[in-house]
Amino acid sequence: MKPEDLSTSLLPLAPIPTKLSTALFGLAICDALGGPVEFKRRGSFPTVSKMLPNTTFKVPAGSWTDDTSLALCLAWSLISNAGKIDLLDHAKRYYQWRERGYMSCTGHCFDCGNTIRYALTLWETTEFTSEEKGVESVRKTLDKSSFSGNGSLMRVLPVALAGWRDLEVVVKNAGRSTEATHPNVMCREACQVYCLLVATILQNVEKKNESFSKKDLFEVLEGFEFQSKELGEAVGKGSGLLGMKYEEIRSSGYVLHSLQAALWAFFTSGSFEEGAVLTVNMGDDADTVGAIYGGLAGCWYGDALYDDIDGSSESGFWTKKVKEWRGDLQKPEMIEKVVGGLVELNGGGTGGSVA
Ligand SMILES: [Mg+2]
């Protein structure tokens, strides 16, 4: 595939609240869909196309994992602080999740990643007394390429959903938000470019730009000036991302792999469902690659609210399968509440009930 081939994939328009909802639900749906095959080798399991129980963590079908929980923690922090980044508040909420299952769909944390666990231990040693102390401690210990996991990228979506009206602020906030747990340059730029793409989509939705295509969005990706040479070579200008084959795409927890896999699936597929099935069946860090894909793709394809779709009708986002996935998702009301908070933060707006 070449960038020119993307020019016919036009952005579906919808009210902003709809897009906020489909983005966050897109993240949660793909997280829950991929959870049962996390850690599994590609090709070693039957194709996943429905919600299955997560036997690794012994949780029922439709259970979303740390990706969604931490995104919801971050979203509540933004909602509670009028859109401002407060890393001390973020860390406290992530800690509540780890300790007491805050924002989990099961009431307990069952899958804390190593870097996040490490970072929260560092915050704990500062007794959550000041943002500065916590950030300094995390930076001192975890600002290394060996801590380039996808743990901040998988949760960063709400930064874009909250601040999309100002691209400069979104990029700055995305870079700041990673510092709570993943301070190194590759994690920072992965979060920044991802939020830049989501915010660009929302700006074009608001402008009702009917001719905005995936090719235009791809140019935004290519225009990003990466300091991380490796990340730039993986997804930036001249990376050859669109020409890569499925077999060449890796889906590990390394942030470079996760971002590359999610972007590749988004740009080379034609519907939310197609890209979702592609990503989660990559195996390995399937739920997180799915979540990263799902947030971006949910924002792009969303064009109707779940409540507005009856049994027989379909939209670009809500195919029969996606409706089933949404119906099988655990605790959707927790996600709906967060969407409501994000809509408020965006100044309200029309678009019916969120879901
Ligand atoms: Mg997970």
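Entry one, α1 and α2. I find these two helices roughly antiparallel to each other, the term used for angles over 145 degrees. Helix α1 covers residues 16-34 and helix α2 residues 66-80; I read an angle of about 155° and axes 8 Å apart. Axes here are lines fitted to C-alpha atoms, for helices over the stretch in contact, and angles run from 0 to 180 degrees between N-to-C directions. Helices (H or I, at least four residues) are DSSP runs, numbered from the N terminus.

I listed the contact residues, contact being heavy atoms within 4.5 Å. From α1 come Leu24, Leu27, Ala28 and Asp31, and from α2 come Asp67, Thr68, Ala71 and Leu72. I sorted them into five nonpolar, one polar and two charged. Nonpolar covers Ala, Val, Leu, Ile, Met, Phe, Trp, Tyr, Cys and Pro; charged covers Asp, Glu, Lys and Arg; the others, Gly among them, are polar.

A note on the source. This is a predicted model, in which local features need pLDDT of at least 70 and side-chain atom pairs count only at pLDDT 80 or more, while totals for chains, interfaces and linings use all residues. Residues are numbered from 1 along each chain as its sequence is written, and side-chain values use heavy atoms, with hydrogens and water left out.

Entry two, α8 and α9. I took helix α8 (residues 185-206) against helix α9 (residues 214-223) and got an angle of about 150°, with the axes 10 Å apart. That makes α8 roughly antiparallel to α9. Val193, Leu196, Leu197, Thr200 and Ile201 of α8 meet Leu217, Val220 and Leu221 of α9.

Helix α11 spans residues 255-268, and its angle with α8 is about 20°, with the axes 10 Å apart. That makes α8 roughly parallel to α11 (angles under 35 degrees). On the α8 side I noted Met186, Cys187, Ala190, Val193, Tyr194 and Leu197; on the α11 side, Val255, Leu256, Leu259 and Leu263. This contact has 10 nonpolar residues, no polar and no charged.

Which residues lie closest to its centre? Of the 19 lining residues, I find Asp66, Gly113, Asn114, Asn150 and Asp285 closest. Helix α4 (residues 114-125) gives the most to the lining, with three residues. By class I noted five nonpolar, nine polar and five charged residues in the lining.

Notes
Parallel < 35°, antiparallel > 145°, perpendicular 65-115°, else oblique. 1 Å grid on protein atoms, 1.4 Å probe; cavity = no way out; pocket = protein on both sides within 12 Å on 5 of 7 lines; lining within 4 Å.
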